Structure formats: C-alpha cells, structure tokens
Amino acid sequence: MSKTIEPKKPQDLTMCESTAQMITKARKDGVELFFDRADAMKPCPIGESSACCKHCSMGPCRLNVNSPYDRVGVCGATIDTIAARNFGRMVAAGTAAHTDHGMAMLELFRDVINGKVIDFSIKDPIKLFEVAESLEIPTEGRDLKSVAMDLYHELERTYTQVEGEIPMVKRVPPKTLERWRAAGIVPRGAMREIMELMHRTAMGVDQDYENITKQISRTALADGWGGSMVSTDISDILFGTPTPVEVEVDMGVLKEDQVNIIVHGHEPILLEAMIIAAADPTLKEMAHNAGAKDINLVGMCCSGLDVMSRHGLPHAGNFSSTEAVLVTGAVDAMTVDIQCIKQDLKKVADHYDTPFITTNYRAMIEGATHIQLDERDPLKCADEIIIKAITRFKSRRNPIQIPRKTARGIHGFSVEYIKYMLGGAFRGSFTPLNENIINGRIRGVAGVVGCTNPRSKQDASHIELVKELIKNDILVLQTGCSQMALAKAGLTGPGAAALAGPGLAEVCETVGMPPVLGMGACVDNSRILIAASEMVRIGGLGDSLADLPVAGCAPEWMSEKAIAIGQYFVASGVYVVFGHTFPITKGTKFEKHLFDDLEKLGFGKWAFASDPKEMARLMIAHIEKKRKILGIDKSRDRVLIDMADRRSLDATA
Ligand code: SF4
Ligand code: MSK
C-alpha cells in the first residue's frame, strides 16, 4: 500500500498568518494552491543548476552536474558556455519585461503631452524639469509642454537607440562610467542589447563565457539605468513623486460590508484609473444600492506597491498571497495586468465566484474575462470592472472568512524625499547620510528586494535578514514583495528603530525615519541606483559605486526579472547575495567568474547563501571590507547632525 504524504503545515510554508489561515481554508475547500504544487513537484536538478541546453534539436543536452567537465553537448558546448547562455537568457527576459513596461509608461507620457489621453496629467512638473535638466535638455524660459516633448524623444532612445550611449548614463558616477566604457558595456537601446544577447546565446554563436558575460552586463544595465529608470521617472512625473504615507497592509484590509476589488500586477495605469472611477458618485451610489458601504480598492504585488506609495491605498500582500486572498471569498473582482500573475488564479477565482479580469493584451489567461485597458479611455475599463464587482457583491453566495490581521507602516521614500528628510527643504542632501556612515553610526546601506517563492518559507528570509542588518546598524532600502513582507511584519514604521543597533537607532530617532525605507515596486530598484550615485556624488565614500559600503540581496527570488536586477547591480559595482537557489553549476569557471572575477575587474560580484543569517553575515562582511578600504573602519565620535553641523556640511557639499 502506498504511503500518503502529509502536506506541509501552513506554518511551515509561510510567516504570513493571513496566508497560513487561507492555506488551511483552501485545503478544507478542496482548492489547490501553488504551495501544494511546489511541495509535490521537486525541481529538476539539471535545470536548477543550469546544466541543460535545449538551444537546438541536436539536444537537448544534459551535462552531468556532479562532474561538470566530464561531458560537453553534442555541438561541443562546455558547461560554462551552456550556463552562461542560460543565465544570459534569463537576463534578456527580465530586461525585456522591465523595458517593455517602461516603454508603455513612456507612450502614456507622450499621449498625455499631445492631448490624446485626458484622464491623466503631469502631476509633478518639478520632477519633469529635474529629469530634463539631468539629461541636459534646455529648460530655461521654456514651457512645460515643449520640455516634456523633448524629454519624451530623448527617453525614447533608451529603448530604440541603435548606436551610442543611452541618455540615463549621464547620471552614472564618472568613475563607474569610465569602468563600463573600458569594458565596452555601456548600453545602447534595450531593444538592441536584448536582440544581441539573444543572438549571441543561440546555438553556435558566442562560446566564451567571459565574452557572453559582457553582453549580459550590458543588457542588464539597459534595464537598470534604462527601461526601469525611465518607468520610475515617468510614473513620478505623471502620478506624483512618492512622499511618506501611512499605509494599512495585510488581508485584514478587505471589508466584509464593502465591494472589494484587488488590483494585481505591475503597471500603475489601471490602479490610478480605478482610484478615479471608484470616487465617481454614480458608481458609489450603485454600490450603496447593492447594499455595500463603499468600494474598497486594494493593491497587491507591485502595482499595489507603486500606488500605495502615492495614495496610501491599502495593500493585501505579496506574490505568494495572491491565490490566498481569493480564498477569503471576500474578493468581488480581481484584475491583473502584466508580470507575476499565476495562471491558476483563474481556477481559484472560479471556485469562489470571483470575476477574474485580464486587462493588458500582452497578458491574457485562457478562460479569463478580458477587458482591455485603453490608455486613451482608461475609465471605461475601470468602470466596467467596478460594475462587475458590484454585481458579484450583490450575489455573494459563499461564506466569507477574512483574516483579521493588519499592520501599519510608512512607505513612499523616494530619493527626492530622502534628500529632503535628511537635509530639509532648502538644503536637501544625502550629506548627513554619508557623514553618519563615515562616523560609523550607520555601517552601510543594504538593498533587500525581490520576490517570495513557495520553495522558501514565505517572508521568513526577508524578515530575518532585515532584522539582522538593522541590528548591525545597516540602513535597509526595500522594494517589491520584500517590502511587503516587512510591512506585514510591522517593520516599516518608526517603532522598528527599537530593533536597530544603537547608531542606526540614534539616526532614525533624530531624523524621524524608520530603519527600513520602502521605495516602491520591483521596477523602482532604479531609485536605489540613484540613491547610491548620490552617495558617491556627495563624497567621502570613494569615487565609484564599487567603492561604497553597500550590498544587495534578494533572499526569496523567483523571477527572471530578479536575475536581471541582480546583474545590473553587480555590473554597477554592488555585491549581491541571492538566496534559496542560484541558476549555475557549482565548481565551474562561470561560477568563479560571477562570484569572484567580476569584482577583481572593478565591478560588484554575486554570492549565494540559503540561510538568512549567513546572507546577513556575507553582506556585513562585505560592507566592513569596503569600510576598511575607505579607511573608515573605526568609528569616529561626532555629535549627530545638529543645525550647526548641517550648515557646515552643506557648505562643504
Ligand atoms: Fe546540445 Fe549544443 Fe544544441 Fe545546446 S546547442 S542542445 S549543447 S547540441
Ligand atoms: S512582483 S518580480 S514577485 S518582487 Fe514585482 Fe514580487 Fe518579484 Fe514579482
């Protein structure tokens, strides 16, 4: 008789209490979630270590992962060629995702300027002028529309430029840019870079892992300093640059007596339109007539993060909770656009009679209702979704179970706001941050970002890692699903300073900031690049991004986008630790190249650890190594930024 395997306990699958409750309910309801499938489907060890090539029909070729140099593919490709090609194609896919998203935002910007889109407008003209000036577009005495149109044409080059450097490299610290130029990796337009990477990783083309890595870096840089950065800047210009806002998060934000609509995906356009539509008195009245107190818009995943930073919109959870939220039975409609949308959401939604609506022609799901979002008339799509949700509210049939849990935190730390927070309205500057790093109160800065993954206990590594870092006086910047993990755990409020080491806690109390600063969606990692560049520009911490006492980590990553992000940080000069798994074969030259040689060549480098304490240890060791090189490894005593200090610092900035 075969032995039945007991499913894992919900508490072993997630740190998120709401998700754990919903896993239990789903099992009672006979609904399968991705946690169960991850448990049942063991990862293929050959694919996991990137030792498989299926780039032509002479294969697929599997190289023995235990002795990687025993065999080569039918064409003779070595493990280093195969692993580099596979890694490169992950970066190409991740870059394509971010840059296509960024291009859609840029097209919206163009149509707002030329009057074809009238439901949105330019909310932050100051940022528009700042971005234009950073790209050397003349602004003096010019009207907003003509500067905006010049900016559009300049930024379009980020995607389409065939030769020459993309515009945003003007923001790269000169020494870092010099390194890229010497290595021949300054990106041209993303389309060109992705095309060349796909070509070079095809059968029989580039078969030198070091040469492939150069194109991998060049493509990733076209993402971080290109497509992603444009997306963030344009979103700020159109919808407003985030400033801190208190937000309620977790599944308890759903309301039994309201029409609950979950908006999940990555493009902020739909959610911005939904906010306008949900305030429409006609739709509000329709909801009231259906017996609902109100229309409750709730974000999930990255579009939710994007919009909550601007409007304080409640957020229900991250990637690993998108099925679980449907299990509450309280969701009257779920809309999705692009990226990180699980196909089985449709099946789970059907089980709970929740309308499941795709809204972007790029991302349809078999069987789902599709209501195309037309940027020129976004309210049409938004209205239709709200009406569907009201209809579902009226005919709710199934019992509802909403987890009671909520947490409050502060989010919306744009680079612009951090400058203001540290230096005030007239002296906005990163100088106090650099000064506190130099005097040792803050040891360094860490970016903790990225996904959650059912092969790793949801949120656990994010939370443990961040706690460890702040305890060691490391300021943490966050984006993406990682930010939501910490928000649910209550670590994004000023109260979290109690968990910080004495130096960081003192700075947090003086400035009035939490030790964990949420900066937005995964595409907003570009804000971290700009923050790091600002640290170089202010001075005292070296000449290039590679000199800074900083490190990055994606402890529970799952998406190809995360690999692209990791690679653009590494190519920019940052030490990046990934958790849970890493898609290369151990003991190969390609592994050594990524994990060691790149740093010797003046870039950052990759590292891997499966335990969050070990991730923290690696990051702290790297930060301390950089401090030593900078000659700031010993704390210098200094009275923390009073007004006199601030004035003297500004005079030297
Ligand atoms: Fe095998 Fe080479 Fe074809 Fe890859 S490209 S499948 S290694 S023969
Ligand atoms: S949504 S890419 S799971 S961060 Fe941006 Fe989250 Fe990762 Fe998707």
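Between domain 1 and domain 3 there are twelve residue pairs in polar contact, both residues being at pLDDT 80 or more; a polar contact is a pair of N or O atoms within 3.5 Å, where within protein one must be able to donate a hydrogen and the other to accept it, and residues adjacent in sequence count only if both atoms are side-chain atoms. The model is predicted, so local features need pLDDT of at least 70 and side-chain atom pairs count only at pLDDT 80 or more, while totals for chains, interfaces and linings use all residues. Residues are numbered from 1 along each chain as its sequence is written, and side-chain values use heavy atoms, without hydrogens and water.

On the side of domain 1 that touches domain 3, helix 5 (79–113), helix 6 (125–134), helix 8 (174–183) and helix 10 (209–239) each give two or more residues. Helices here are DSSP runs of H or I with at least four residues, numbered from the N terminus. Helix 10 has the largest share of this side, 15 residues.

Arginine 527 forms a salt bridge with aspartate 236, with the closest N and O atoms 2.8 Å apart.

Domain 1 and domain 3 bury about 3100 Å² between them, 71% of it on carbon and sulfur atoms; buried area is the accessible area (1.4 Å probe) that two parts lose on being put together, summed over both. Phe87, Met90 and His98 supply 20% of the area that domain 1 buries against domain 3, more than any other three residues.

Key. Chains lettered and ligands numbered in written order. Salt bridge = Lys/Arg side-chain N within 4 Å of Asp/Glu carboxyl O.
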